[in-house]
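Open the model in your viewer and keep the selection tool ready. The tour goes stop by stop.

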Amino acid sequence: MKIIKNSKELTQILTEHKNDNESIGFVPTMGALHEGHISLIRRSVNENMITVVSIFVNPTQFNDPDDLDKYPRNLDEDARLLKYEKVNYIFAPQEAEIYPEKDTRRFDFNGLDETMEGKYRKGHFNGVAQVVSRLLEIIPADRAYFGQKDFQQLAIVKYLVKNYMPQIDTKIVEGPTIREEDGLAMSSRNKHLSKSERLAAPIIHNTLAYYQARVNTMKVEEIKEEAVNKINAHPLLKVEYFEIVNNETLQPIDKIIPGQSTGCIAVYAGKTRLIDNISF
Ligand code: AMP
């Protein structure tokens, strides 16, 4: 396994692999790796001859400077894990490698970014699109792997590749959300939870699962109101939003069509913001 910091060097090495007809899988991450990341990485290692994992905490997707400051970083530990997983290359660039100049590009996502994360984290998805488009330019991947944990991000990335990057030949592959045994979706931010917040956090998924089992007998408005009340009843949890949206448009719906709707939620556990979703 090689750790590469220079984007030109990485493109050159990967182009040689491509010329040798070796398939390339790519897993973009912000590091502080957990089983959620590892599940995507194992899939890439299984499906491709070469796997590249990027570790880059992208400043342009953080709307809260404090969140960016506190984001966990541990390249040595991540590298140890990735070596064990038989990853071929880690791309760990400095900011100037990704943004030699200030990135002023503005993307239009046809409304996909107007709800939920896009509404509450202004500019977040524009930053995601900036970094993902740069990474996909640098890394000539056959497949790039993303988690369903970030449901809206996945929709945005697919839209970006389809509408803004016709020149690349990378297939977007999605992997299921990996959870702790008690249901909490794995996240690098879980490291910030205090003991009591960590104990409270599984209420989020357990509540979503409770209403998933009741989609046929309850109205959207009832589900939303009850779910929010249930979570907010815990003194350490505060719901920022809970929306039930159409899987394609990401717009809130007032009637659930099974298999075409997803419940998406953001909850503060103390100061830590957690997101999750469930298919309805
Ligand atoms: P991040 O490092 O948070 O930017 O995440 C990198 C990739 O891992 C993204 O595609 C995420 O959706 C995915 N990911 C993060 N957490 C999980 C999880 N618990 N299960 C599956 N994928 C995840």
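Select Phe-26 and Ala-144: Phe-26 stands opposite Ala-144 in S5. This is a predicted model, where local features need pLDDT of at least 70, side-chain atom pairs count only at pLDDT 80 or more, and totals for chains, interfaces and linings use all residues. Residues are numbered from 1 along each chain as its sequence is written, and side-chain values use heavy atoms, with hydrogens and water left out.

Strands (E, at least two residues) and helices (H or I, at least four) are DSSP runs, numbered from the N terminus. Two strands pair if DSSP finds at least two bridges between them.

Next, select S6 (residues 171–175). S6 pairs with S5 in parallel over five bridges. Pick Phe-146 to find its bridge partner in S6, Glu-174. Now trace the chain from S5 through helix H8 (residues 151–164) to S6: this β-α-β crossover is right-handed (clockwise from the first strand over the helix to the second, with the strands pointing away from the viewer).

Color S5 (residues 143–147) by accessibility. Four of its five residues are buried, so S5 is largely enclosed by the rest of the structure. Buried means under 20% relative accessible area, exposed over 50%, partly exposed in between (1.4 Å probe, protein chains only).

Jump to Val-245 in strand S7 (residues 237–246). Val-245 counts as buried because its relative accessibility is 0%. Show its contacts (heavy atoms within 4.5 Å). Beyond four places in sequence, they include Met-116, Phe-151 and Cys-264. Last, draw a C-alpha to C-alpha distance from Val-245 to Ala-269: 23 Å in space, 24 residues in sequence.
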